[in-house]
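Here are my notes for you to read alongside the model. Take a look at the structure first, then go through the points in order.

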Protein chains: 2
Amino acid sequence: MRDDPTRLAEQVSTVLRHLVLLLRRTVAGQPVTSQQYAVLGSLEPGPRRMTELAEEHAVQLPTMTVQINRLEDAGLVARGSDPADARVRTVELTGEGRDRLLAVRRARIAHLSQELAALTDDERATLAAALPVLAKLGRNPR
Amino acid sequence: MRDDPTRLAEQVSTVLRHLVLLLRRTVAGQPVTSQQYAVLGSLEPGPRRMTELAEEHAVQLPTMTVQINRLEDAGLVARGSDPADARVRTVELTGEGRDRLLAVRRARIAHLSQELAALTDDERATLAAALPVLAKLGRNPR
DNA sequence: GCCGGAATATTAGCCAGACTAAGTTAGTTG
DNA sequence: CAACTAACTTAGTCTGGCTAATATTCCGGC
């Protein structure tokens with residue numbers, strides 16, 4: 001028999017793959033892709049700079065540039081400048097972007113709520129307890 | 001304050017996004033992509049048909065065709081035919097494919113084990129308890 | 001003050017992976 | 001046996017990721 005962490009790792013690995021598919025279905029058919037939704041979410045509190053966004057989403061800068069270009073073309077975000085440093089570009093939600101974000105969030109939450117509603121109270125409690133642990137996974141890089 | 005399932009859904013949503021990034025890092029730099037790894041995994045028990053593979057991975061047939069083409073070019077899988085129905089193509093692991101699958105699995109498990117080792121016993125227990133619940137999520141389509 | 005290196009973004013070009021539409025070949029059925 | 005259906009593949013398009021190369025701007029030292 002194998003040692004416990006390895007066995008657990010295998011199970012986690014399997015479940016992760018399953019969840020990826022779930023997440024994919026959760027956003028299928030929405031007016032924004034899941035990446036676009038994620039970026040819009042980052043902008044909700046206020047303007048951000050490109051480097052911040054790229055880091056937060058764990059992608060390279062050029063990737064974020066392309067994403068923002070698309071969102072800008074769609075009228076969901078607007079670029080601005082930092083008066084203190086002419087190198088940095090800021091990005092913020094437009095009114096339309098904010099509306100879209102909230103609409104998609106509602107749909108997404110509704111979809112997940114439906115899944116969660118199919119669970120028992122105990123299962124939901126178990127899940128809720130594990131969320132902080134899952135969030136901790138991968139926090140320690142390398 | 002919002003009702004409980006909605007709140008939980010939001011948290012799940014956030015954690016899912018986090019896990020997707022974790023999973024991405026887990027396979028980064030490996031000799032196969034995470035999708036290729038997943039397909040190889042499906043072939044471990046034995047030959048499968050294209051439609052089966054596409055369904056299992058929740059992709060359209062043409063997508064799976066392309067994936068299998070690449071794996072075949074790489075010498076990791078081989079196509080065959082069903083003697084009972086000339087329309088169906090079967091796919092199976094080559095020896096090399098099986099070796100590769102096992103190697104990647106080891107690396108992947110090792111990576112995850114490392115993450116899990118950073119948790120306390122309690123956290124691991126909490127996580128282990130939640131896995132069956134997570135696996136249940138999304139099982140009921142639509 | 002200005003010159004060279006570092007920081008911030010963008011552009012260009014590549015690849016994986018997803019989709020739909022259309023085409024081919026082989027069974028199935030009225 | 002003709003028409004439909006099923007199983008795949010091909011072709012074309014899109015998103016989203018990467019690296020390498022380029023332009024701007026800032027800053028530290030001389």
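Predicted model: local features only at pLDDT ≥ 70, side-chain atom pairs only at ≥ 80, totals over all residues.

1. Now zoom in on the residues themselves. DNA strand D has 20 residues around it, and the closest are Thr33(A), Pro62(A), Thr51(B), Pro62(B) and Val88(B). Sorted by class, the surface near DNA strand D holds 8 polar, 7 nonpolar and 5 charged residues.

2. Next, follow E3(A) to its partners. Strand E2 (residues 77–82) of chain A pairs with E3(A) in the antiparallel sense, over 6 bridges. Val77(A) has Leu93(A) as its bridge partner in E3(A). With 2 residues between them, E2(A) and E3(A) make a hairpin.

3. Strand E1 (residues 48–49) of chain A also runs antiparallel to strand E3 (residues 85–93) of chain A, and 2 bridges join them. Look for Arg49(A), which stands opposite Thr90(A) in E3(A).

4. Which elements of chain A give two or more residues to the side that touches chain B? Overall, 44 residues of chain A are in contact with 44 residues of chain B. The elements you want are helix H1 (4–27), helix H5 (95–117) and helix H6 (121–136) of chain A. H1(A) supplies the largest share, 18 residues. By class, this side of chain A has 28 nonpolar, 8 polar and 8 charged residues.

Note on methods. Residues numbered from 1 in each chain as written. Chains lettered and ligands numbered in written order. Contact = placed C-beta atoms within 7 Å. Helix = DSSP H or I, 4+ residues; strand = E, 2+ residues; numbered from the N terminus. Nonpolar A, V, L, I, M, F, W, Y, C, P; charged D, E, K, R; others polar. Pairing = 2+ DSSP bridges. Near = placed C-beta within 6 Å.
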